[in-house]
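Let's take a walk through a protein model together. Keep the sequence handy and turn the structure around as you read.

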Amino acid sequence: MRIQHNITALNAANRLKTNESAVSKNIQKLSSGYRINSAADDAAGLAVSEKIRKEINGLSQAEDNTKNGISLVQTAEGGLNETSAILQRMNTLAVESANGTYKDTDRANLQKEVDHLKTEIDRIANSTNFNEIKLLDGSLGTVYKADVTAADGGITKAVVSGGNFTASETLTLTVTTKSDGAVTVEFSGTAPTGISFTTTATTFETGTAYTFTAVIADTASAEDAAKFKDFTITVTRGSDIPTTDNPQDVTITATRNDPLTFQVGAENVDDQRATLSINAMDSKGLGIDGNNLLIDTQEHAEAAISTIADAVAIVNRTRADLGALQNELEHTANNLSTMNENLTSA
């Protein structure tokens with residue numbers, strides 16, 4: 001028997017197939033830029049590579065998220081910059097109207113400009129947005145509703161700001177005037193340990209607004225310290241003096257909207273997120289809505305100076321918070337860029 005074959009050709013064909021397979025893999029690596037393109041290249045290495053690649057992609061997007069967050073914060077701060085300028089103009093008008101050289105007819109003309117300026121503050125608050133997300137209308141912040149129990153008596157108005165209360169939490173504060181004339185704000189019922197209020201007021205005059213600032217002692221719990229951080233209450237006295245025998249309660253109900261959250265990391269953990277909360281920066285949120293800001297008489301103009309000062313303080317605190325958050329996000333973006341570079345190298 002004779003067997004016909006061409007073993008030399010078969011060897012050459014096998015070598016060619018092996019070389020073609022090796023060349024194909026090398027071309028795939030060259031064209032993709034990756035050493036590992038499939039599990040067959042390096043099964044263990046692929047698992048590590050894909051995990052690192054996931055983190056790199058997450059870090060790249062987190063860096064973009066952070067930069068978008070910076071742009072959003074800058075947009076909000078830009079709106080408040082104009083609000084601040086308007087309040088400065090209002091203050092100028094109030095000081096002008098408080099001068100005795102003007103008649104009430106002159107002050108009525110000044111009041112017209114104040115009214116238009118309040119309208120512009122409301123327009124800025126309702127129209128400032130980023131990607132159709134409204135930033136200054138209060139939808140991102142905590143809303144405090146101050147209910148005065150005796151509107152015709154000792155307290156006619158209460159404006160609150162700051163704080164970090166949970167949704168629908170109610171806080172009742174009692175305003176009294178002591179026998180020595182000192183005005184105090186105290187808690188009704190059981191007071192949180194280490195929380196008190198201070199004010200520079202030594203008298204309590206009709207129609208005048210007084211601001212009380214929360215004082216947080218070392219004995220306060222961490223929870224209470226967080227709740228009352230930067231918390232202030234501004235009350236205006238009516239016709240009656242709120243005395244120890246006739247105290248006036250101010251009930252404050254806090255309702256919280258969901259704050260804006262920035263995902264500034266690649267993992268699903270809280271420390272890789274940043275949040276933004278902005279209270280309403282319209283005329284109501286600043287305590288200058290309705291008849292709260294009148295300069296049509298000399299007495300009203302004098303009171304308006306204090307009211308505007310309170311509004312300016314609210315805007316300044318909010319701008320300071322925005323500036324601090326922007327600095328935080330900028331550092332976060334730099335750190336993400338460095339991490340991304342190092343992981344890409346790996």
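Is Glu 63 buried or exposed? With 13% relative accessibility, Glu 63 counts as buried, since buried means under 20% relative accessible area, exposed means over 50%, and partly exposed is in between (1.4 Å probe, protein chains only). Before we go on, a word on what you're looking at: this is a predicted model, where local features need pLDDT of at least 70, side-chain atom pairs count only at pLDDT 80 or more, and totals for chains, interfaces and linings use all residues. Residues are numbered from 1 along each chain as its sequence is written, and side-chain values use heavy atoms, with hydrogens and water left out.

Now back to Glu 63, which has a partner: Lys 67 forms a salt bridge with it, and their closest N and O atoms are 3.5 Å apart. (A salt bridge is a side-chain nitrogen of Lys or Arg within 4 Å of a carboxyl oxygen of Asp or Glu.) Both residues sit in helix H2 (residues 43-97), 4 residues apart, or about one turn of the helix. Helices (H or I, at least four residues) and strands (E, at least two) are DSSP runs, numbered from the N terminus.

The structure holds 8 salt bridges, so let's visit another one. Glu 113 forms a salt bridge with Arg 89, with the closest N and O atoms 2.8 Å apart. Here Glu 113 lies in helix H3 (residues 104-127) and Arg 89 in helix H2, so the pair ties together parts that are 24 residues apart in sequence. Glu 113 is partly exposed at 30% relative accessibility, and Arg 89 is partly exposed too, with a relative accessible area of 35%.

Next, look for the strands. Here 4 strands form an open sheet in the order E4-E9-E8-E7, with antiparallel pairing; two strands pair if DSSP finds at least two bridges between them. Strand E4 (155-161) and strand E7 (195-198) stand at the edges with a single partner strand each, so one side of each is left without a neighbour in the sheet. From one strand to the next, the twist averages 25°.

Zoom in on strand E8 (residues 209-216) and strand E9 (residues 232-237), which pair in the antiparallel sense over 5 bridges.

Technical notes
Axes fitted to C-alpha atoms, helices over the stretch in contact; angles between N-to-C directions.
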